[in-house]
Amino acid sequence: MRSVRFYPQTLPLHTAFVISRGSRSEARVVVVEIEQGGVVGIGECTPTLRYGESEASVMAQLTNVQVAIAQGADRQALLQLLPAGAARNALDSALWDLERLSRQQTLWQLNGMVAPASISMAQTLSVDTPQAMAEAALAHQQNGATLLKIKLDDHFITERMVAIRSAVPNVSLIVDANESWQSEGLAARCQLLADLGVLMLEQPLAAGQDEALANFIHPLPICADESCHTSKDLPALVGRYQMINIKLDKTGGLTAALTLASAARELGLEIMLGCMLCTSRAVRAALPLTPGAKFIDLDGPTWLEKDVVPGLAFHGGVIDLQATGD
């Protein structure tokens, strides 16, 4: 018999995040602890309003399956007990963690992988004035970052991107439009980004309204984020996207994410790996997906005022796994 505990946790955000993204000063995650035989596995999720989730809805889902998990339901059973989403991710992550600790193995070893010494990832630039974004890009470059993820809305696209590219001519850039663009003028904007050497555009149109992506030749790869949660979404993406962004809080955990990654590759879609605002617990759970990912965007913990202990070692757009034994 297992003991299952779950609770919300407040994560104060770094001042730079608060200034760049508005008045929000904290993030909220839900933590799951599963104890068996004196071993405690821990998982974490971030409820996302965009996906119809709240802290209350996640806690309710966890309550509904608490007994089943306590009685021994495994990760495969969990796929049937809960739909894809944050609640299932927290439980799936905790079950993986419980297994690795019980077997005295790493998550890499459980998945038949050898851990790399480090992982290169993107550093995110929030929407701001062209000058402020250019200055932020330069600061990241001077700190060692070689890949920047540029957040954009529907305004000042040219001004922002030209300013950033002028400030960091040799840094690799990817762009996330966060569903903010319309089909009108989309092809021209894609060409602008391609001309500036941008390597990928993420989710320019709203999920469910991306038919226009099939109507022109893409001058740069386009990645599905909100349009792709699970393997069931893949058939509709072929011919519109060249890449998908996998996040454990969308797939409902690493178990389903591994299946999604395999299915996507079979369809010729490349992989981007992302995360929500989270601690190192959530990033650790996603690490087995990093091999073969075209772009890795796991900087969620870097926006926190304080990470969990032990945390991962983030610096200059790199996760140093040797420094923490991960």
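Is E179 buried or exposed in this structure? In this predicted model, E179 is buried, with a relative accessible area of 16%. The report below places this residue in its loop and then turns to strands, helices, cavities and cysteines.

E179 is located in the loop between strand 7 and helix 8. Although E179 is not a glycine, its phi is positive, at about 65°. A second residue other than glycine with a positive phi is Q203, for which the value is near 40°. Q203 belongs to the loop between strand 8 (201-202) and strand 9 (222-224). With a relative accessible area of 0%, Q203 is buried.

Two prolines in loops also deserve attention. P310 is joined to V309 by a cis peptide bond, with omega at about 0°, and P310 lies in the loop between strand 12 (295-297) and strand 13. P169 is found in the loop that links helix 7 (157-167) to strand 7 (172-176). P169 is exposed, since its relative accessible area is 52%. Between P169 and L138 there are 31 residues of separation in sequence, while their C-alpha atoms are 9.8 Å apart in space.

## Strand pairing

Strand 1 (residues 3-12) pairs with strand 2 (residues 26-36) in the antiparallel sense, over 10 bridges. Within this pairing, Q9 has V29 of strand 2 as its bridge partner. Strand 2 also pairs with strand 3, again antiparallel, over 7 bridges. Here V32 stands opposite G43 in strand 3. Strand 2 and strand 3 form a hairpin with 2 residues between them, and G37 in the turn has a positive phi of about 60°.

An open sheet of 3 strands has the order 4-14-13, and its pairing is antiparallel. Its edge strands are strand 4 (118-120) and strand 13 (314-315), each of which pairs on one side only. Strand 13 is joined by 2 bridges to strand 14 (residues 318-320), and the two run antiparallel. H315 stands opposite V318 in strand 14. In general, the strands of a sheet pair through backbone hydrogen bonds, either parallel or antiparallel.

## The two sides of helix 8

Helix 8 spans residues 186-195, and L186, C190 and L193 in it are buried. These residues lie on the same side of helix 8, because they cover an arc of only 60° around the axis. On the other side of helix 8, A188 and D195 are exposed. An α-helix has 3.6 residues a turn, so residues three or four places apart point the same way.

## Cavity and pocket

The structure holds 1 cavity of 30 Å³ or more. The largest cavity has a volume of about 110 Å³ and is lined by 16 residues, of which N89, L248, D249, C275 and A282 lie nearest its centre. Helix 4 (86-103), helix 9 (248-251) and helix 11 (280-286) each supply at least two residues of this lining. Helix 11 gives the largest share, with 4 residues. By residue type, the lining of the largest cavity divides into 9 nonpolar, 4 polar and 3 charged residues.

The second largest pocket has a volume of about 530 Å³. Its lining consists of 20 residues, and D97, R100, R281, R284 and D326 are those nearest its centre. At least two lining residues come from each of strand 3 (39-45), helix 4, helix 5 (107-110) and helix 11. The largest share of this lining, 4 residues, is supplied by helix 4. The lining of the second largest pocket comprises 9 nonpolar, 6 polar and 5 charged residues.

## Cysteines

A search of the whole structure finds 0 disulfides. A disulfide is a covalent bond between the sulfur atoms of two cysteines.

C275 is in no disulfide either, and the nearest cysteine sulfur, that of C278, is 4.0 Å away. The cut-off for a disulfide is a pair of cysteine sulfur atoms within 2.5 Å. C275 is buried, with a relative accessible area of 18%, and C275 is among the residues nearest the centre of the largest cavity.

Key
Residues are numbered from 1 along each chain as its sequence is written. This is a predicted model: local features need pLDDT of at least 70, side-chain atom pairs count only at pLDDT 80 or more; totals for chains, interfaces and linings use all residues. Side-chain values use heavy atoms; hydrogens and water are left out. Two strands pair if DSSP finds at least two bridges between them. On a 1 Å grid over the protein atoms alone, a cavity is a set of points where a 1.4 Å probe fits but cannot get out, and a pocket is an open set with protein on both sides within 12 Å along at least five of seven lines; lining residues have an atom within 4 Å of a point. Grid points are joined across faces, edges and corners, and a volume is the space filled by probe spheres set on the points. Ala, Val, Leu, Ile, Met, Phe, Trp, Tyr, Cys and Pro count as nonpolar, Asp, Glu, Lys and Arg as charged, and the others, Gly among them, as polar. Buried means under 20% relative accessible area, exposed over 50%, partly exposed in between (1.4 Å probe, protein chains only). The arc is that of the directions from the helix axis to the C-beta atoms.
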